[in-house]
Amino acid sequence: MRRSLANDPDDLVAEALEGLALAHPTLLRYDAEHGFVARAAPAPDKVALVSGGGSGHEPLHASFVGTGMLDVAVPGAVFASPTALQLYEATRAADAGRGVLHIVKNYTGDVINFTIARELADEDDAVATEVVLVDDDLATDPATDPATDPAETDDGGPGRRGTAAVVAVEKICGAAAEAGADLATVAALGRRVAGRARSMALALTAGTHPGESRPAFELDGDEVELGVGIHGERGRSRVPMASADELTSLLVEPLLASLELARGGGVVAIVNGLGSTYPLELHVAARAVHRLVTAQGLRVDRFLVGSYVTSLDMHGVSVTLLPVDEELLRLWDAPVRTPALTW
């Protein structure tokens, strides 16, 4: 059995959220009754941003609460959606009078429960809401793999799964909201980012659910799972183990082919560790990403390298490419202060 630093497994998420808030008292408060994390000092007179999803992806989403990013984050149990009631209460708590934007990764449970929460907020409290659906995972795009049926992935809804591009959506929407943009404008920006960004991931070893004795899937020593999801979903193929440069090219080349960018364009590149990947490894991958992108006559205008959207202790990496213009770069560069992202 996988050993975890935990007390009662049923209390793992609640105790972790309490500890997170205690570690960052000037940034966060923990609402134990409803199971969400909010800004310690609510921001007045701005569009509020609410996101959430299953735990096991930390620092997503709770550690992205703060100035320039989220107002409230709602974690569910490990790899399970928060309830509609949790999301409704979080929406009410976040509302500062200018509406609430829900940022939702494309998984069936998340989509359903956020939808119910918006309906309740509209009926009971007349809170204006909008939604941005993040669906960036190229591995579950039928256009690139007609054999893939996203409805049959472990918990993915129809279409591409939502993965690490959610960080870019939360950052850019958060900057716009902080600057005073209205709800429709912030939502349009989020949809623009989600529509442009694409991601691919691979795993050298799968993650193991707390309390379980086996990982989500087994690999031989010379195999790599290509196209994995963030809930332990297996990939679209298995490939032989190879060098870091060769493996990174298996992620970047399909992204570039899908995006079809004109020479001279720029991207934000997110090189994301999936749980137990060392910074040394991630920066080797970042070097390869830079070489592959610039070889196509493109620019890497900004890099984000680290573990931001994880899958428990999966040993793997994802690459996200977001084509950007001056407006998106300005919003990306705007100040942010959260436990996991600050500049």
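By class, 15 nonpolar, 10 polar and 3 charged residues line the largest pocket; Ala, Val, Leu, Ile, Met, Phe, Trp, Tyr, Cys and Pro count as nonpolar, Asp, Glu, Lys and Arg as charged, and the others, Gly among them, as polar. The model is predicted: local features need pLDDT of at least 70 and side-chain atom pairs pLDDT 80 or more, while totals for chains, interfaces and linings use all residues. Residues are numbered from 1 along each chain as its sequence is written, and side-chain values use heavy atoms, with hydrogens and water left out.

**Largest pocket**

- The largest pocket holds about 540 Å³ of space; a pocket is an open set of points on a 1 Å grid over the protein atoms alone, with protein on both sides within 12 Å along at least five of seven lines, and lining residues have an atom within 4 Å of a point.
- Its lining has 28 residues, of which Leu-12, Ala-16, Ser-55, Gly-56 and Glu-58 are the closest to the centre.
- Helix 1 (12–23), strand 3 (48–55) and strand 4 (72–78) are the elements that give two or more residues to this lining; helices (H or I, at least four residues) and strands (E, at least two) are DSSP runs, numbered from the N terminus.
- Helix 1 supplies the largest share, 5 residues.

**Cavity**

- The count comes to 1 cavity of 30 Å³ or more, a cavity being a set of grid points where a 1.4 Å probe fits but cannot get out.
- About 60 Å³ of space lies in the largest cavity; grid points are joined across faces, edges and corners, and a volume is the space filled by probe spheres set on the points.
- The lining of the largest cavity divides into 6 nonpolar, 5 polar and 1 charged, and includes Asp-137, Asn-272 and Ser-318.
- Strand 7 (residues 198–205) gives the largest share of that lining, 3 residues.

**Helix 4 and helix 8**

- The axes of helix 4 (residues 165–178) and helix 8 (residues 326–333) come within 8 Å and cross at roughly 85°; axes are lines fitted to C-alpha atoms, for helices over the stretch in contact, with angles from 0 to 180 degrees between N-to-C directions.
- The two helices are therefore roughly perpendicular to each other (65 to 115 degrees).
- Ala-168, Lys-171, Ile-172, Ala-175 and Ala-176 in helix 4 meet Leu-328, Leu-331 and Trp-332 in helix 8, contact meaning heavy atoms within 4.5 Å.
- The residues of this contact are 7 nonpolar, no polar and 1 charged.

Technical notes
Parallel < 35°, antiparallel > 145°, perpendicular 65-115°, else oblique.
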